[in-house]
Structure formats: structure tokens, C-alpha cells
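Trainee: I'd like to go through this model with you, ligand sites and chain contacts both. Can we begin with how residues get sorted into classes?

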6 protein chains.
Amino acid sequence: DFERALKDIKPAFGQNDEQFRMYAINGIINYGPTFEKIQLSGNSFIQQVKNSSRTPLVSVLLSGKPGCGKSSLASTLAQSSDFPYVRTISPDDLVGFTESAKTSKITKIFEDSYRSPLSCIVIDDIERLIEFVPIGPRFSNSILQTLLILLKKTPPKGRKLLVLATSSVPEAVRDLGLGNCFATTLPIPSITTKDEFSKVVQELGVFGPSEVKRAAEECFNDRTPITIKQLIMAIEMARQEDSGSLIQNLKQSMVDFQLRDLY
Amino acid sequence: DFERALKDIKPAFGQNDEQFRMYAINGIINYGPTFEKIQLSGNSFIQQVKNSSRTPLVSVLLSGKPGCGKSSLASTLAQSSDFPYVRTISPDDLVGFTESAKTSKITKIFEDSYRSPLSCIVIDDIERLIEFVPIGPRFSNSILQTLLILLKKTPPKGRKLLVLATSSVPEAVRDLGLGNCFATTLPIPSITTKDEFSKVVQELGVFGPSEVKRAAEECFNDRTPITIKQLIMAIEMARQEDSGSLIQNLKQSMVDFQLRDLY
Amino acid sequence: DFERALKDIKPAFGQNDEQFRMYAINGIINYGPTFEKIQLSGNSFIQQVKNSSRTPLVSVLLSGKPGCGKSSLASTLAQSSDFPYVRTISPDDLVGFTESAKTSKITKIFEDSYRSPLSCIVIDDIERLIEFVPIGPRFSNSILQTLLILLKKTPPKGRKLLVLATSSVPEAVRDLGLGNCFATTLPIPSITTKDEFSKVVQELGVFGPSEVKRAAEECFNDRTPITIKQLIMAIEMARQEDSGSLIQNLKQSMVDFQLRDLY
Amino acid sequence: DFERALKDIKPAFGQNDEQFRMYAINGIINYGPTFEKIQLSGNSFIQQVKNSSRTPLVSVLLSGKPGCGKSSLASTLAQSSDFPYVRTISPDDLVGFTESAKTSKITKIFEDSYRSPLSCIVIDDIERLIEFVPIGPRFSNSILQTLLILLKKTPPKGRKLLVLATSSVPEAVRDLGLGNCFATTLPIPSITTKDEFSKVVQELGVFGPSEVKRAAEECFNDRTPITIKQLIMAIEMARQEDSGSLIQNLKQSMVDFQLRDLY
Amino acid sequence: DFERALKDIKPAFGQNDEQFRMYAINGIINYGPTFEKIQLSGNSFIQQVKNSSRTPLVSVLLSGKPGCGKSSLASTLAQSSDFPYVRTISPDDLVGFTESAKTSKITKIFEDSYRSPLSCIVIDDIERLIEFVPIGPRFSNSILQTLLILLKKTPPKGRKLLVLATSSVPEAVRDLGLGNCFATTLPIPSITTKDEFSKVVQELGVFGPSEVKRAAEECFNDRTPITIKQLIMAIEMARQEDSGSLIQNLKQSMVDFQLRDLY
Amino acid sequence: DFERALKDIKPAFGQNDEQFRMYAINGIINYGPTFEKIQLSGNSFIQQVKNSSRTPLVSVLLSGKPGCGKSSLASTLAQSSDFPYVRTISPDDLVGFTESAKTSKITKIFEDSYRSPLSCIVIDDIERLIEFVPIGPRFSNSILQTLLILLKKTPPKGRKLLVLATSSVPEAVRDLGLGNCFATTLPIPSITTKDEFSKVVQELGVFGPSEVKRAAEECFNDRTPITIKQLIMAIEMARQEDSGSLIQNLKQSMVDFQLRDLY
Ligand SMILES: Nc1ncnc2c1ncn2[C@@H]1O[C@H](COP(=O)(O)OP(=O)(O)OP(=O)(O)O)[C@@H](O)[C@H]1O
Ligand SMILES: Nc1ncnc2c1ncn2[C@@H]1O[C@H](COP(=O)(O)OP(=O)(O)OP(=O)(O)O)[C@@H](O)[C@H]1O
Ligand SMILES: Nc1ncnc2c1ncn2[C@@H]1O[C@H](COP(=O)(O)OP(=O)(O)OP(=O)(O)O)[C@@H](O)[C@H]1O
Ligand SMILES: Nc1ncnc2c1ncn2[C@@H]1O[C@H](COP(=O)(O)OP(=O)(O)OP(=O)(O)O)[C@@H](O)[C@H]1O
Ligand SMILES: Nc1ncnc2c1ncn2[C@@H]1O[C@H](COP(=O)(O)OP(=O)(O)OP(=O)(O)O)[C@@H](O)[C@H]1O
Ligand SMILES: Nc1ncnc2c1ncn2[C@@H]1O[C@H](COP(=O)(O)OP(=O)(O)OP(=O)(O)O)[C@@H](O)[C@H]1O
Ligand SMILES: [Mg+2]
Ligand SMILES: [Mg+2]
Ligand SMILES: [Mg+2]
Ligand SMILES: [Mg+2]
Ligand SMILES: [Mg+2]
Ligand SMILES: [Mg+2]
């Protein structure tokens, strides 16, 4: 019977641990209330899929600046769901695939999910997956059309699916008509307060406890947010400089990143 | 003779129950006079096709915001027609098909309909079927051209056809020249009054009878309509929150949806 | 000899009665002086091709709003010509053909016409034939180029040809450079006066003689013309309503059509 | 030797009488001084190619409104040249050819011309040959590039070539970069004076001698020129009308053409 | 060894006399100081390639109006260089080649040049080679990309290369990003002074010595320059006229050319 | 085991000395503090990749005017890194490759790098690699998408990668969405001060020690910077002139380059 068939193919469906290894290589840092609130929202979607019979499909867009931690978060959430079927569709794994190969790979992953009672699919970097470029604009319409359909298609009776997609170009998502495919959007912020800055710096263990606060005071300007990826990079760059104090060098790195953003 | 031939192939023509299962999984809610008026109009088209010999083809466009219930309504109407040939052309079933495969599938369904005395074809999400994207804009011209012809082509003598198409991008329909193919348009509204809101909330059975009115009072603002799909989603999301009252949480969900619409 | 060869293939050239059956299924209604004047012009082109040796090719564009009766008129004229070679090139018959298949089909029909002393070719819905869409704009350049040449190409010595093309997008015809290919344009009007309205309503036999005038008085506003196709549709819709008088319902249908035109 | 080889292939090079038959089926009408001046210019180019050794290639563009007589004139000039190699490249003969087939046909005709001491090539309707449409704009770049080169390529030593091209879209010719390929442009005018009008009407023999002047007086307005093709068409149309005097009818036809031009 | 190998293939590298025959069929006219200065600059580039070890690649763009003499000059310079490897890449020789055939032909010529100690490559009509049209704009990106690379690629150690490219659309060259590929631009002027005009007229030997000055006085207006190609054409045209003095006719031809330029 | 496997394929991974030969053929000139600062930054990136475990991928964009020395610097830095795997992806080596051949070549080089503990990849002229042209704009989306992914993809555990890309069209880099792929940008300046000018002139050894200062004084205007490539070219051109002093000629060359930049 189908139930048994489902069981048999389970190994093929099992979580793909390998795939998640590359995200959050330094571990996830809880940098404050904002971060916690996002995690709570994420968990709430997982609960909704588990519990509600009226919304068998919940699709959420995680959007934010490049490097703000979207992929890390989506990946962490998916893993924490403990759903029997968890998969990531990532452009990284599809380099060099033709449009139609990508399309059928994506379709396959959704169709497989329809055979599991509870599934979670991460669609990482959705604009990259559809080969989007702002100038032109150019993109793969066949991949887009496939996503436009799959992101709205109700799973078969008794099957439930959570889709977590990430994007750093929300205006492209909207212009491509993908906006309406998501039940809601979860905005992932950058580091915007001195407290958050301190928390990250402290967790990275580069500064002694006494210096952490001074670093935040001197290096961070809360009118110019920075992503967690840039902050880690800035600290590592600062550490390479031979001359000057670490705080002085970090300050310089931070200024460089802010300039780069303006330009 | 042809009459007998027609009879023989009837099973192949029979209603395709499977296809309609996925819509309106929670049952259709009659949310008030507006909804009833739409149902009446729909039934009137079915009668016209049955009775009038001067209009053997009646094609109607159901248009409205994403999630307002177009597909559910079209599907319900088609099933209620009791016509011997009822079919749905849905992008969901055509994922991964080539343009020309889609074109011949569509043509086939229309041609089959010409062999039944009374037919009803639902064309769901017509913009998706022609692979339309607003930026570019891009679409499949061969599928569009096929529809432009089939939506206007009079069935052979003695055959009658009702076409119910749905779309949430009426300006695309018009720009693509599809507007003139429909005899008329049936606009499907969102939830716009506190009464409609109450009716839906009550039917979903989440709130006790006493709370329904308060929920409408506190959570719904009639200047910002919401679709029935969003309302169901908002209620289910509100139910996941551990803290806060259900009404408080629903209020928050409603605000989120309104923000998302602005943005 | 060629004369005999011509005779032999005559059956293949004979009028294609089947093809014309689908137009004007309710019979042609003479709705007044404007309609008669158009018929006269049409006949005059037939006479010119028959009689003048200086204009062996006369190509005419019938243009007007969708549903105003262009195809019905072109078809009626072509049949009434009694020319030995009469053919219709209609997009309906070419659904699913490739561009090059369409091109050679069109070319074949023109070339066959060059073997008959007197020919009439109807090119129905010329913008559809070239797969035109206003957005983009997109169209089949190879079909367009073929038409641009064939519509101007003088038939061989002793052969004469009348081409009747129809279009409801005159600005596309002009922009595509097709305008200069026609010797003249015959504009087909909509129903614009109460008299024309009464005439159609009366011929359709829905109202008793006494009501016809009242119907025109109450339902038709001569500042908002309506096509004959819309008028027939409006009457048939009005007849489906259970409640309300027929005139009241027709009035409502007419308003609906006018709104649809504005929108 | 080469001289003898050249002689042997001469028949293949001979004038292609067939090809010229379709133009000017009613004979060429000399409608006055303007027409004569154009003919003189045309002959002067023939002389220049024959006589000058410094300009072995003379390419001329005949431009004017559709139907003004460009093809008739180019064809007449080419035939009158009595050059051993005379050929017409006409879109009419290339219907249904692929781009590359057209390109090699064109190239072949130019290359053949290089084997004759004196050659004349007519390129009729050059915008049609390159499949030009103003919207888009679209055209065959490979055919265009071939012409851009061949129209400027000096023939081999001792060979001389006159190219007569016609076009009714001079702005397209310029935008496509073809303008610089021609040594000069010969503008072909429409009928612009009552005298020219009278001359054509008289030559066509439709009016008695006494009526010709009255016809010009009453039917022609020198502020709205008409092409010779339109004039012939207007006269033939006028002759079909049963009622009204011939002059009255011609007047009406002329007004129709002027309206069509405005519209 | 390589030295001997180089020697052996030398014949294949030898100057291609045939190729240069078609330019400057009337011989090069030195029309004054401006012309001499250009020749000096040209020679200076040849010397630089021969002598300097720091600039093994010198690429120069000759730009000017169509017919000003760019190809004649480039060809003359290349021939005068006496470099062991001299080649012309001309669109004339590549009519009908596919993009990829052109690309490999071009690449082949550059690669062959890398085997000769001193080479000169003429790239004639560079915009034609890349199949450029201003409207669209359209061009062959693969040919363009090949040139963008080859025009900047330093030859292997010990090899030196002079590239002389010609173009009459400098704005296209710049927009296509080709501008930065050239070390410098050599602008080729038109005939701009009465002295230059006289010099050319005199060298062509059409006017007697006494008339030359009068011709310049009467026919040339130094506010409207003319290219040397147009001047030769104007003189040859003037000579064909039977009536009128030669000077009078030349004056008329000159006016025609100026009008054509405005239009 | 893998370690040994890695060792075995080392030769295939070894530095590709050949590839680097063509840059900086005259040796690298240290033209002052600005240049030194850039070199320091470059070395700091090498150290960061070697030392930091938190940033296993550091990708840097070297941007500046054409000829300012980007490729020379990137090449010098890569060679100085002494990393076991060093490769250059240069458009020069990919002339005539198809898009998909380029894509797999690029992917191959990145994948090979993932097998070495420390790697450095130079992507020279990144806009050329993706076949970018500003008009259109046109580019290879498949190559772009490949780079967008590879430039952000974290190497496998324990592998570290430095990417040095060069570009002279920073606005294209940004518009194509490549900007966010780089951790930072290293702007390479032109020669902007008289001191830098003197330094280069002196190192080239063309002027005697006494003249160097005068040359800078007379030939260089610090409001109009010049790239080092142009400066070398200007000096070599000046040396070819027979007449005039070397300084006078250099002054003229410099003016020419400045004009060219304006135009
Ligand atoms: N909460 C966190 N704690 C620690 N490190 C984090 C956290 N979030 C992100 N990072 C680190 O920041 C880097 C970028 O994170 P991630 O790739 O998830 O961002 P992203 O928003 O998906 O970026 P992109 O838009 O480029 O895909 C990663 O190296 C990750 O390890
Ligand atoms: N009248 C109704 N009563 C109860 N549920 C409804 C009703 N109409 C729609 N729904 C529910 O709302 C959701 C959306 O409905 P449906 O798919 O028909 O909307 P739609 O307008 O076709 O949306 P889309 O534009 O996305 O295709 C479905 O889950 C359906 O079950
Ligand atoms: N004179 C007429 N009398 C009666 N019925 C008519 C008349 N003209 C048109 N009709 C009816 O109106 C409908 C539309 O006519 P027809 O198809 O000829 O219009 P059309 O202008 O070609 O429309 P389209 O632009 O959509 O091709 C047909 O059903 C036809 O039967
Ligand atoms: N001088 C003339 N005398 C008599 N008839 C003429 C004359 N010139 C043209 N015609 C007639 O006018 C018609 C159009 O002429 P022609 O085809 O040469 O015009 P055209 O300018 O080439 O038109 P198009 O732009 O459509 O190609 C032809 O039927 C031809 O017989
Ligand atoms: N200095 C000169 N003396 C004599 N004749 C010349 C001279 N320069 C050019 N010509 C003549 O002018 C004509 C055009 O010259 P050429 O083809 O070199 O011009 P061009 O600038 O390359 O033109 P295009 O832009 O069309 O390629 C040729 O016929 C050539 O013989
Ligand atoms: N510091 C330097 N010292 C000496 N010569 C240099 C220096 N930098 C660059 N050059 C020389 O300048 C020329 C251009 O340098 P390079 O190719 O590195 O510039 P680029 O910025 O990559 O130019 P492009 O944008 O055209 O690729 C080369 O010939 C090189 O030898
Ligand atoms: Mg990410
Ligand atoms: Mg729907
Ligand atoms: Mg029609
Ligand atoms: Mg013509
Ligand atoms: Mg040239
Ligand atoms: Mg470089």
C-alpha cells in the first residue's frame, strides 16, 4: 500500500545533512531581540504547517540585504523542523545545468515532497535560480513560470508543505510576479544597533571583554547599518594589519564598507 | 453514425472529478449578497448556453485579486452545469510542457468539446498559461495566438460551449488583446465589509459566537479589503501564536497583510 | 493546352462552401442605409475586377470594431462574386501551423489564384494571421513580409484578383506597413442610431412589434454605439434573467457592455 | 582564355525579358517636364557608367511615395541601357526564401555582373528585400550587411556597374546606414499639377477631349498630390459607379484617397 | 628550429598584392599640407613599431566621413611599411561568411601575425566587419568580442604588430567599447579649402589650367566640405551633361551633394 | 588518501608561469606612495586568506581606467602569494570558445581550486569574460550567472580561496549585480601627480636626470590624469618624431591623449 511505499522510499527522502554544512560555518550568533523575534516567526510557520489543516501550503519569503544571514536562517529553520522531507534548492548545486534541467530538478523536488506528510523546501537565492539580471532585464522565463506555479500549488490531500525562499532583490521578486506567491514576507535586518554590534563582536572572541564596548562606541555608527557578513569580514581584515590598534583598523574597515555601499 | 460515436466516447468525455478536488478544500462559504449575485450571474451564463441558439459560444472572464476565489468559483460553476463535457485547462497540469505541447493540449480540449452538444471549459490562470511576466513583457506568443483564436471560434452547428477563464492581471489580459475575446467580464470582489468578514470568520468556526462580532470590529478596516485566501491564512497564523489573545493576534496578522500590500 | 488544364483543375478551385458556413449563422440583417451603402461599395469592387483591364489587382481592407460584422460581410461578398476561384485564408484553419507552414499555405492560395481568370481571396483577421500582439509588439515577420509582397503583386497577364482583408486593429495594419498595400479601406460601422437598433431587434423577433420602438427608446443611447455581435449577445443575456421585464434586463446588459468598453 | 569564357556564358547573361513584363502594364505615360527631367537624369547615369573610367560603380536610389512609378522607371531605364548584363533583384521572386538563400542569390547576381564589362542591376523595393518593418524595427541584418557591402564594392578592373535601387521609405534607408552607399538619390515625384493630371487622364482615354480639362479643374487639388497608381485606380473605380456623372464619381474617389492619406 | 620554420612559411606570409589593387584606382592625390601631415603621422607609427621595444602593439583608428579616403590611406601605409607580414581584413572578402567563420578568419590572421617579427594588419570598415546597424542597434557580439580582445592583446615576446583600422561611425566605435582598444585616433578630413579643391581638380586633368581656379571659386563653398570620393563623382557626373558649361554642371552636382547631406 | 591524491595532481596545479609572462613586460615601476599602498592592501588580502579561518573566501575587485595597471598588479600579487594553486582566467585564452565552453572552463578552474588548501584565481577583464557591451546592453547571461554563484560560493571545509578580478567598467559590474559578490573593491588610480609622472619618466630612462623634472613641469597637467599605459605610449610616440625636442614632442602627445579622452 501507499503508506508502506512511502516508508520504503524514506531513506531517499531523509534529511540531506551534507547540503546544510556550508552555511553558518562559524555557528549562529544570537545578536539580540530582533534576531530572536525572527526565529520565533520562523518557528511559528513550522507549527502552522504541522497543525493547521486549512493551510496545507505555507510559503514564506526571507528577504534582506546580501549577507544579512537569510540562507543561514532558512537552513537552520528547515533543519530544526524535523519534517521527514527537507530539501534545499540552491543555485550552487545547479551551476552549468540547462534551463530545462533546472526546471525538472525543481519540479522533481516538489513532486517528491508531495509524497511525504510534512515537508520543508528551502529555495535559496531565488533570483539567482531564475538567472535574473536587473539590466535587460533577463531571466529564465521557464524556471520562473515553474516556480510561479509550484509556489502556489496546493499539495495533495493530507500532505503539507513549508517553503522558505530567500532573496536579496525584493523589487525583482515583485516585478516578476513572485510576490503574490508567498503567503508572507519575513524581512531579515542588518546589524543596526550598538548592542547588536557588541554582541557579534563579543561572540567572535576577538576583543577582550573590556574592549567590546569601546569597539562598538568607536567603530559603529547606527545610521549606517552593516550586515553580519560584512562585519565578520571587516574584523578579519582589521586583524591582518600590522600597524595600528585593532580598534583603529576595524574603524577603518567599517568606513571602507560604508563608502563601498554609497558608491 | 455520429450520434452513436459520440455516445461511445462519452466516458472519455465524462466529468473529470479528480481535477476539481484541489479547489475550495474547506468548502465554499457564502459570505453574503455580493457572493450570491456572482453565483447568479454564473448560473445565468450556463442557462444561456443551454437555451439560446443564437450564442453557441459564451466566453466569460472571472477577474479579481490573487486569492479572491476565482478558481474555486469557476470550478464550482463548471461542475454544477451538468454539461456532458467539462474540462479544466490549468497551468498546474502543464508544468514542464513545451510551448507546442501546451498549444496542442489546449487545441485538443477545444476540439473534443466540439463533439459534445454542451460543453464547459475552465481556463484557469490564463496569464500563467501563456507564461506571462509583466517585465519585458514576456509571454508565449504561440499559446496566446491559439487562445485568441479558440476563444472566438464559433463551435460547429448544433454544438454549444461555455468558457470560464480566470485572471488576476486584467491589464495584461487587455494589453495582450484577449479582452475582446470575452463576451463579458465577471469581477470577483475581495472581502470588503464587516458583515462579510464576520460571515467568513463565523463559518470557519474559530471564534465563539460572541467573539465573531468583536473580531470584525477590532480586526477589520473596511478601507483595506482582504481576499478570502489572506483572511483564512491570517486566522491560521494567529492561531499559532502562544502568547496574546486570538483577536489580538489576528489583528496583528491583518496589519501585516495590509503592509505587505502597500510595499 | 493551358486552357484545358485550367478546366481540369477547376473542381479543386470550386467554391469551398463548407468554409463559409460558420459566419452569419443567424442570417444577414440589413439594418439600414449605412449597411446598404457598404454592400454597394463591395459589389462595385467585384465589378471593377471583372470589367477593368487596368487594375487586375484590387485589394480592399474591411476595418471596424471587433464584432461589427467584417467577416460576415467579406464572406458574403466573396460568395456573391461567382468568381471561379474563391478562397478564405482564416487563422481559424491555421491553428498550430508553424510560421513557414502558414507562409507556404498563403503563398499557395495566391499562386493557385493566378491560374484562374477571376479570383477572390478573403484574408480574415489579418492581424491574427500574422500573430500580432500590441505589446512588444510581436508578430511573425515572415508571414508579414509574405503578405506585404502578395498584396501588391500584379497577377500574370489576363488574370484578375480581388482581395478582401479584414482587421479590427487599423493602427497595427498601418504601423506594420500593410496600409499601403490596399487600394482602399472600407470602414464597417457599429450600430449607431435608434433606427438601426430597432431594425436589428425587430429582425431577431424577440420583442413584439409594439415593444421594438420602446426598446430602442429606453435601451439605446446613440452616443455609445454597440456592435451587432454585442447587441445579439446583450439580448440573449437579457432573456436568461428570470426576474424583471425583458426591456429592463436588456437595458442592464447594454450598460454592462458600455462599462466594459470604458474599462 | 577569359575573353572567350566570357562570350560563352553570355546567353546566361542575356536580358531577362520575362522579368520586366509585369511593370508598366499600361505603357509608360510621359506626363510632362518633371517626368522628362527624371528620364534624362536616368540616362545620364547610364552614359556615365559607359564612358567614365573613374567611376566604375554608380549606384542610385530612386525614392518616392508608394505607387509613384519607381519600379516602372527603374525597369524601363535598365532595359534601355542595352548593357550585356541586366538583372532585377525583386522581393517578388524571393517569397519564401530563407535569409541565407536570399543573401546568396543577391551575391550571385552581383558576382555574375563582375564578369560582364557593362552591367545594370535593379534592386526593387530595397526595404522589402531586407524584410524591414518600421515597428521594432525588424529587418534581416544578414541581407542588409550584404547589400551595404555590395552597393559600395568597386567591380574588378575593367568592369562597370550601374545599380538602380527603389524605395518608398527613405528614412528607413537612411537609418539602416544604406544612404551612404548610394552616389546619389533620384526623387520620383507624385502628380502635383493640373497639367500632369490632365496629361494622364487624357492618355488613359477615358474622357473625351473636351472633358479632360474640366476633370482636372474639378477633381484635382494641387495641394494634395496623388500618385499615378492612385490616379489610375481612382479612375477605374469611378467608372464602376452606375449613378452619377463620371467626373462626379472621380471627384469622390479622389477625395477618398486624400482622406485615406490623412488617416 | 623555429627560425627556420618561420622562414619556410614565409611565402604564405608574403604581401598579398592582389588584395590592395582595388583601392585608390586613380592613384593617390596629395591635395596639400593636411594630407601630408596625415601621411607623416602614419609613417611615424610604422617607425614606432619597428624601433620601440616598449610598445610591441600599436593600434590606430583612421576615422572620417564615408569616402574621405580612409581605406586608400590605410592600404597605402600598410604597403609602404615593407613589413614581412601585411594583411587586410575586409568585409568585402567575408560576404556570406557566418559569424563564427568570420571570427576564426580574424583570429587566424592575428595568430599568423604573431609568427612574424614585424606585422601590419589593416581592419577595413570595422563597423561593417561587426555587422553594425545604428537602429536596434544590432551587431555581431561574437565578432566584436574577438576584436576587443585581439586589438589589445600584446604579441608574444619579440613580435611586433601595427593595426590600422578604419571607421566612418566613430560614435559606434566608442559605444561598442572599441575606443579604448586603440592607442590613438587619426582623423582623416574631407576637402575643406579652395586650395585642396583646386589641387584635386587639377590632378584629375579635366579642366584646363586656366579654369581650375575659376572652378574652385565658383563651385566650392568652404563652409560645406566634400569628400574626395564625392568630388570625383561630381566631376564625372558633370561631364555627362550635354548642355551647359562643365563648370556650370559641376556647380549643380556640388549643390546636389550638399542637399543630399542635409536631407 | 586524499592528501596523497592532492599531492599527485600537484604538477597539474602548479603555477602556470607561461600565463603571467605577457603582463608588465617592462617590469613593474613603483611610482610612489599611492602605488605602495595598493601593494600593501593586496598583500593584506593574501595574509587574510592564509590566516583567517572565518573568511575562507576573499574576493576583491581591482577597478580603474583602461591601462592603469590592473592586470599587471593582479598578476604580480597572485604570483607573490606562493599559494599551491594559482590560475588566471583571461578572455585572451578563451577567444572563439562558445559560451558553454567558457562556462565549464571557469567552473573547472574553481572546482580544481577547491582541492588545494590555498588558492588564488585571477579573473582578468571580467566584463570581457562575460562578453559585455554597454549598448543593448548585451552579455552572456550564462557566464554571468556562473560567476555570480562561484564568486560567492564558500570553498569546502579547510579550503581557502582568494579571487582577484579586474574591471575597467565598474558601472557594468554594479548593474550586472556583480558588485555584491566582492568583499571589497581596490581602486587602482592613474598617474595624478607630477611626482608620479617624474618617477615613471625617470625609470623608463629616456630623459637624462636633469630633464626629468622639466618634463614633468612642462608636459604634465595634474588636472588631467593619464594612465601608465598612455604615458609609456606617449613617450614612445614622442621618440619617433624627427623634428622638435623630445620634451616638446611629449607635450604634444600628452595633449593628443587628453583630447582623445574628451572626445
Ligand atoms: N546569526 C549569525 N551568526 C553568525 N554568523 C552568521 C549569522 N548569520 C549569518 N552569518 C554568517 O554570515 C555569512 C552570510 O550569511 P548568509 O549566507 O546566510 O547570508 P545571506 O543573507 O544568505 O547572503 P546572500 O544574500 O549573499 O545569499 C555567512 O558566512 C554566515 O556564516
Ligand atoms: N467562497 C469561498 N469559501 C471558502 N473558501 C474559499 C472561497 N473562495 C476561495 N476560497 C479559498 O480561498 C483560497 C483561494 O481561492 P482560489 O484559489 O479559488 O482563489 P483565486 O482567486 O483563484 O486565486 P489565484 O489568483 O491565486 O489563482 C482557496 O484555498 C479556497 O479554498
Ligand atoms: N449584418 C448582420 N446581420 C446579422 N448578424 C450579423 C451581421 N453582421 C454580423 N452578424 C453577426 O455578428 C457576429 C459577428 O460578426 P462577424 O464575425 O462577421 O464580425 P467581425 O467584425 O468579423 O468580428 P471580429 O472582429 O471579432 O472578427 C456573428 O455572429 C454574426 O453572425
Ligand atoms: N509613367 C507611367 N505611365 C503609366 N503608368 C505608370 C507610370 N508609372 C507608373 N505607372 C503605373 O503605376 C503603377 C505603379 O507603378 P510602379 O509599380 O512602378 O510604382 P512604384 O513607385 O514602384 O510603387 P511601389 O512603391 O508600390 O513599389 C503601375 O501599375 C504602373 O503601371
Ligand atoms: N588621396 C586620394 N587621391 C585620389 N583618390 C583618392 C584619394 N583618397 C581617396 N581617393 C578615392 O576616393 C574613393 C574613396 O576612397 P576610400 O575608399 O579610400 O574612402 P573611405 O574613406 O575608405 O570610404 P568608405 O568610408 O566608404 O570606406 C576611392 O575611389 C579612391 O580612389
Ligand atoms: N606599475 C607599472 N610599472 C610599469 N609598467 C606598468 C605598470 N603598470 C602597468 N604597466 C604597463 O602598462 C600597460 C598596461 O598595464 P595593464 O595591462 O596591467 O593595465 P590594465 O589596467 O589591466 O589595462 P586594461 O584595462 O586595458 O586591461 C602594460 O603594458 C604594463 O606593462
Ligand atoms: Mg544566501
Ligand atoms: Mg486561481
Ligand atoms: Mg472577423
Ligand atoms: Mg515598386
Ligand atoms: Mg573604406
Ligand atoms: Mg587588464
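Mentor: For the classes, Ala, Val, Leu, Ile, Met, Phe, Trp, Tyr, Cys and Pro count as nonpolar, Asp, Glu, Lys and Arg count as charged, and the others, Gly among them, count as polar. With that sorting, the shell around ligand 2 has 8 nonpolar, 6 polar and 5 charged residues. Please keep in mind throughout that this is a predicted model.

Trainee: Okay, and where does ligand 2 sit?

Mentor: Ligand 2 lies between chains A and B. There are 19 residues around ligand 2, and those that come nearest are A:K152, B:I29, B:K70, B:S71 and B:S72.

Trainee: Which atom of A:K152 lies 2.5 Å from an oxygen atom of ligand 2?

Mentor: That is a polar atom in the side chain of A:K152, which is placed 2.5 Å from the ligand oxygen. From chain B, the side chain of B:S71 has an N or O atom 2.6 Å from an oxygen atom of ligand 2, while B:C68 uses a polar backbone atom, 3.2 Å from an oxygen atom of the ligand.

Trainee: How much of ligand 2 does the protein cover?

Mentor: On its own, ligand 2 has 620 Å² of accessible area, and the protein covers 89% of that.

Trainee: Which helices supply at least two residues each to that shell?

Mentor: In chain B, α5 (70-80) and α12 (228-240) each supply at least two residues of the shell around ligand 2, and α5(B) gives the most, with 3 residues.

Trainee: Switching to ligand 3, why is that site called shared?

Mentor: The site is shared between chains because the residues that surround ligand 3 come from chains B and C. Of the 19 residues around ligand 3, the nearest are B:K152, C:I29, C:K70, C:S71 and C:S72.

Trainee: What are the polar distances there?

Mentor: For C:I29, a backbone N or O atom lies 2.6 Å from a nitrogen atom of ligand 3. The side chain of C:K70 places an N or O atom 2.7 Å from an oxygen atom of ligand 3, and C:C68 has a backbone N or O atom 3.2 Å from an oxygen atom of the ligand. As for cover, ligand 3 taken alone exposes 620 Å², of which the protein buries 89%.

Trainee: And which element gives the most to the shell around ligand 3?

Mentor: That is α5(C), with 3 residues; in chain C, both α5 (70-80) and α12 (228-240) supply at least two residues each to the shell. By class, the shell around ligand 3 holds 8 nonpolar, 6 polar and 5 charged residues.

Trainee: Let's move to the chain contacts. How many residues of chain D are in contact with chain C?

Mentor: From chain D, 28 residues are in contact with 35 residues of chain C. The size of an interface is often given as the accessible area lost when the parts come together. For chain D and chain C, that buried area is about 2,800 Å² between them, with 58% of it on carbon and sulfur atoms.

Trainee: Which residues make the salt bridge between them?

Mentor: D:E236 forms a salt bridge with C:R54, where the closest N and O atoms are 3.4 Å apart, and the rule finds 1 salt bridge across this interface. There are also 10 residue pairs in polar contact between chain D and chain C, counting pairs with both residues at pLDDT 80 or more.

Trainee: What does chain D's side consist of?

Mentor: The elements giving two or more residues to the side of chain D that touches chain C are α12 (228-240) and α13 (246-262) of chain D, and α12(D) gives the most, with 7 residues. By class, that side of chain D divides into 16 nonpolar, 2 polar and 10 charged residues.

Trainee: Last one, what about chain A against chain F?

Mentor: Here 28 residues of chain A are in contact with 35 residues of chain F, and the two chains bury about 2,800 Å² between them, 58% of it on carbon and sulfur atoms. The count is 1 salt bridge, formed by A:E236 with F:R54, whose closest N and O atoms are 3.3 Å apart. Across the interface of chain A and chain F the rule finds 11 residue pairs in polar contact, both residues at pLDDT 80 or more.

Trainee: And the helices on chain A's side?

Mentor: Two or more residues come from each of α12 (228-240) and α13 (246-262) of chain A, with α12(A) giving the most, 7 residues, to the side that touches chain F. That side of chain A has 16 nonpolar, 2 polar and 10 charged residues.

Notes:
Residues numbered from 1 in each chain as written. Chains lettered and ligands numbered in written order. Predicted model: local features only at pLDDT ≥ 70, side-chain atom pairs only at ≥ 80, totals over all residues. Heavy atoms only, no water. Contact = heavy atoms within 4.5 Å. Buried area = accessible area lost by both parts, 1.4 Å probe. Salt bridge = Lys/Arg side-chain N within 4 Å of Asp/Glu carboxyl O. Polar contact = N/O pair within 3.5 Å; in protein donor to acceptor, adjacent residues only side chain to side chain. Helix = DSSP H or I, 4+ residues; strand = E, 2+ residues; numbered from the N terminus. Near = heavy atom within 4 Å. Areas by Shrake-Rupley, 256 points an atom, 1.4 Å probe, with all protein chains shown as cover.
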